[in-house]
Amino acid sequence: MTQLLWLRSDLRVSDNTALAAAMAAGPTVALYLITPCQWLAHDDAPCKVNFWLRNLVALSEQLHALNVPLLIREVDDWTAAPDALLRVCQQLDVQGVHCNDEYGVNEQRRDQAVAERLQGVGVSLRRHLDQLLFAPGTLRTQSGGYFKVFSQFRKACLARLSVSPPLCIPRPAAQPPLPIVSDPLPAAVAGFPSPTDYLRALWPAGEAFAQRRLASFIEDDLEQYHQRRDLPAEPGTSQLSPYLAAGVISIRQCLHAALCYNQGELDSGASGATTWINELLWREFYKHILVGYPRVSMHRAFRPETEALPWRRAPYELEAWQQGRTGFPIIDAAMRQLRETGWMHNRLRMITAMFLSKNLLIDWREGERWFMRHLIDGDLAANNGGWQWSASTGTDSVPYFRLFNPTSQSQRFDPDGQFLRRWLPELQHLSSRDIHSPATHHNLFGVIEYPTPIVDLGKSRARALDAFRNLPEGRA
């Protein structure tokens with residue numbers, strides 16, 4: 001009764017629901033599909049693809065220790081997935097295929113097409129809950145719908161978790177060796193250039209490293225997480241998002257670590273632990289939104305009335321934002337951090353997103369796409385949710401009249417300019433006061449090759465407020 005494990009965003013052997021189920025059902029072979037055209041269509045970043053490939057190498061070693069061969073097949077996109085899986089099943093006489101569920105519209109359609117194709121030859125596709133704590137649809141409002149407000153969703157999650165916290169699945173025991181040879185792993189994929197050595201060194205591959213990073217965060221940083229998480233110059237966050245997005249570590253493992261630190265408490269005890277648990281539940285919330293409101297997977301606003309916003313076509317300003325040349329140091333430093341590291345601090349993601357969508361009044365989808373093309377932790381639900389939150393077009397989003405002032409945000413969260421000096425060396429000579437608004441001191445201090453602000457904050461704020469107030473069907 002040979003089983004096939006179809007790997008996707010679950011590149012680990014410990015606490016892997018589908019792997020455990022497959023190996024319990026019979027001799028197991030693993031399969032990973034390389035789909036370059038699909039990755040391009042989804043704007044997956046080259047550094048993210050490289051991260052996947054590096055993690056596949058680490059995973060193959062772990063699977064080898066379990067005597068699970070790893071096969072690699074390359075097809076253009078997900079439309080070819082049904083035939084690719086069918087061929088493998090027929091070649092190996094597979095009786096069952098196991099995979100961990102994914103939640104975007106395209107992912108759901110792909111899995112449905114695969115299930116129908118395999119069913120035609122008597123092979124079942126068994127989809128498992130792994131990426132989330134709760135299957136979408138199992139948490140509902142009193143009226144039976146999906147939650148739209150995070151605080152209500154969080155309350156439902158905590159109530160369920162307090163009764164039955166999820167358990168981590170042990171690493172399976174090795175199976176007897178199979179007469180199947182693993183395929184060689186590609187070091188690169190055409191169309192996705194390799195990132196710099198610097199970027200690769202920032203994000204080592206493999207679940208062993210992810211577990212060490214989690215343990216280090218819990219031991220060294222969780223206690224002060226609620227106080228340091230908004231300070232971009234400090235290592236106050238877990239930086240586990242790339243590992244969660246690729247499934248190199250599981251949300252259950254993260255939650256379990258936090259609960260162990262916090263003596264089993266979900267919503268009381270150490271503030272750092274409860275704040276981080278809150279962030280894990282935000283990730284959960286946005287994935288449930290993908291399923292409950294599939295339009296957000298299709299480049300549409302969660303709040304339909306905001307589709308009428310008069311977004312500006314301003315290619316020069318968009319490029320200035322993309323390249324970190326806006327004249328606002330906190331924006332420019334954040335965008336340079338993104339380009340060079342494949343990652344951006346969460347506070348800065350909100351500041352840069354609000355600046356683009358409100359101060360520049362440029363369609364949030366332009367920013368969402370740019371982030372996905374550069375983020376090593378690019379995740380549809382989290383990225384879309386964050387962008388629509390900042391643009392006031394999404395579920396439980398920031399009120400439209402709330403705009404982060406980039407200068408005051410910089411002064412508040414990087415008071416000494418430490419982060420700014422790291423990414424804007426041309427401003428290093430400025431004082432901790434002046435570095436946040438160098439244009440004011442351009443002539444006096446002779447700032448070299450740093451642009452003047454591309455927009456007036458006061459006027460752009462008024463323009464954004466007018467745009468939202470004048471929406472049809474009432475205010476946003």
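In the predicted model described here, Leu-4 stands opposite Val-29 in strand E2, and Gln-3 is placed opposite Thr-28 of E2. The structure is a predicted model, in which local features need pLDDT of at least 70 and side-chain atom pairs count only at pLDDT 80 or more, whereas totals for chains, interfaces and linings use all residues. Residues are numbered from 1 along each chain as its sequence is written, and side-chain values use heavy atoms, with hydrogens and water left out.

Strand E1 (residues 2–7) and strand E2 (residues 28–34) pair in the parallel sense over 5 bridges, helices (H or I, at least four residues) and strands (E, at least two) being DSSP runs numbered from the N terminus, and pairing requiring at least two DSSP bridges between two strands. E1 is also joined by 4 bridges to strand E4 (residues 94–100), again in parallel, with Leu-5 opposite His-98 of E4. These strands belong to an open sheet of 5 strands in the order E3-E2-E1-E4-E5, with parallel pairing. Strand E3 (70–74) and strand E5 (124–128) each have a single partner strand and stand at the edges, so one side of each lacks a neighbour in the sheet. Neighbouring strands are turned by 25 degrees against each other on average, direction ignored. Helix H5 (residues 105–119) packs on the sheet, where it touches E1, E4 and E5, and its direction makes about 150 degrees with that of E5.

In a regular strand the side chains alternate between the two faces of the sheet. In E1, Thr-2, Leu-4 and Trp-6 on one side and Gln-3, Leu-5 and Leu-7 on the other are all buried, where buried means under 20% relative accessible area, exposed over 50%, and partly exposed in between (1.4 Å probe, protein chains only). Because 6 of the 6 residues of E1 are buried, the strand is largely enclosed by the rest of the structure.

A UniProt record (unreviewed entry) lists residues 1–133 as "domain: Photolyase/cryptochrome alpha/beta", and such annotations may be inferred rather than shown by experiment. Over residues 1–133 the chain is 47% helix and 23% strand, with the end C-alpha atoms 30 Å apart.

The contact (heavy atoms within 4.5 Å) is made by Ile-330, Ile-331, Ala-334, Met-335 and Gln-337 of H14 together with Leu-348, Ile-351, Thr-352 and Phe-355 of H15. Met-350 is also placed in helix H15 and, at 17% relative accessibility, counts as buried. Leaving aside neighbours within four places in sequence, Met-350 is in contact with Trp-389, Ser-390 and Phe-404.

Helix H16 (residues 364–372) is mostly covered, with 7 of its 9 residues buried, among them Trp-364, Arg-365 and Trp-370. The cover over these buried residues includes helix H3 (46–65), helix H13 (315–323), H14, H15 and helix H17 (380–391). H16 and H17 pack at an angle of about 145 degrees, with their axes 10 Å apart. In this pair, Trp-364, Gly-367, Glu-368, Phe-371 and Met-372 of H16 meet Leu-380, Asn-383, Asn-384, Trp-387, Gln-388 and Ala-391 of H17.

How values were computed:
Axes are lines fitted to C-alpha atoms, for helices over the stretch in contact, and angles run from 0 to 180 degrees between N-to-C directions.
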